[in-house]
Amino acid sequence: MCYLEKSEYRILPVSGYKILRGCPGCGCRSAYASTGNFRVNANGKQIDVWLIYRCEKCGHTYNLAIYERVAPKDIPEEEYRQFLENHQTAALWWGTRKEVFARNRAEIDPEGIDYEIILIGKENEENEGRERKERLITIDNPYELKIRTDKVAAEICHITRSRLRRLVKEGRIDLPQNYIGRKTELELAKTSTDT
């Protein structure tokens, strides 16, 4: 007999994506991190809104364009207020919109993504006389962060990546792809604490 334990996790960014770009202050390619602050500039009857980024080495700033040359009536009132107040939730939301980075031709640093893994739900389907425990782990990645599957699996199972590689080699964990997709399922033949 066995019982199946289902767990669902969600990966969420805790800060905006970092940008890789040439820094005039450093004279080389550097990582820029979001400051969480917006710059709003009125130019006649038009408004520009930027999310401010700062070089992690020297502090040189870069403005990531959110809106350029738009009429004030084209920005929802609540959103405009959030820009003026440097609302942190709005900064995180805009700092993770891939289309904004694409529009700005800004390169996202794939190694500089800060995230957290949250347990959403857990359920057991139990049978008497449990001899074996299997786990099905569903990972929701709504922001489609580019993170290695083995890294996430090791974090969820609270084991090292080298231990995880051994378990994969032994056939006790199945990793379906190199990177976590929008929705990924992992099967564990036994718990990570089993010997």
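**Exercise 1. In which sense do β4 and strand β5 (residues 61-70) pair, and over how many bridges?**

Solution. Keep in mind as you look that this is a predicted model.

Step 1: Follow β4 and β5 in the structure; they pair in the antiparallel sense over seven bridges.

Step 2: Look for a facing pair of residues. Tyrosine 53 stands opposite tyrosine 62 in β5.

Step 3: Turn to the connection. Five residues lie between β4 and β5, which form a hairpin, and glycine 59 in the turn has a positive phi of about 90°.

**Exercise 2. Describe how strand β3 (residues 28-43) and β4 are joined**.

Solution. Step 1: Begin with the pairing, which is antiparallel and runs over nine bridges.

Step 1: Find a facing pair here too: valine 49 in β4 has valine 40 opposite.

Step 2: Inspect the turn. β3 and β4 form a hairpin with two residues between them, and glycine 44 in that turn has a positive phi of about 70°.

**Exercise 3. Why can strand β4 (residues 46-55) be called largely enclosed by the rest of the structure?**

Solution. Step 1: Apply the cut-off: a residue is buried when its relative accessible area is under 20%.

Step 1: Count along the strand. Eight of the ten residues of β4 are buried, so the strand is largely enclosed by the rest of the structure.

**Exercise 4. Classify two aromatic pairs, tyrosine 17 with phenylalanine 101 and tyrosine 32 with tyrosine 62**.

Solution. Step 1: Recall what to look up. A pair of aromatic rings is described by the distance of the centres and the angle of the planes.

Step 1: The count of aromatic pairs comes to eight. For tyrosine 17 and phenylalanine 101, the centres are 5.6 Å apart and the planes stand at 50°, so this pair is tilted.

Step 2: Tyrosine 17 is in the loop between β1 (2-13) and β2 (19-23), while phenylalanine 101 is in helix α3 (residues 98-103), 84 residues apart. Both tyrosine 17 and phenylalanine 101 are buried.

Step 3: For tyrosine 32 and tyrosine 62, the ring centres are 6.4 Å apart with the planes at 75°, so the pair is edge-to-face. Tyrosine 32 lies in strand β3 and tyrosine 62 in strand β5, so the pair ties together parts 30 residues apart in sequence. Both tyrosine 32 and tyrosine 62 are buried.

**Exercise 5. Which charged end sits over the ring of tryptophan 93?**

Solution. Step 1: Locate the aromatic cluster formed by Phe38, Tyr67, Phe83, Trp93 and Trp94.

Step 1: Look over the ring of tryptophan 93: the charged end of arginine 97 sits there, 4.4 Å from the ring centre.

Notes. Residues numbered from 1 in each chain as written. Predicted model: local features only at pLDDT ≥ 70, side-chain atom pairs only at ≥ 80, totals over all residues. Heavy atoms only, no water. Buried < 20%, exposed > 50% of the residue type's maximum accessible area, 1.4 Å probe, protein only. Helix = DSSP H or I, 4+ residues; strand = E, 2+ residues; numbered from the N terminus. Pairing = 2+ DSSP bridges. Phe/Tyr/Trp six-rings, centres within 6.5 Å; stacked < 30°, edge-to-face > 60°. Lys NZ or Arg CZ within 6 Å of the ring centre and 35° of its normal.
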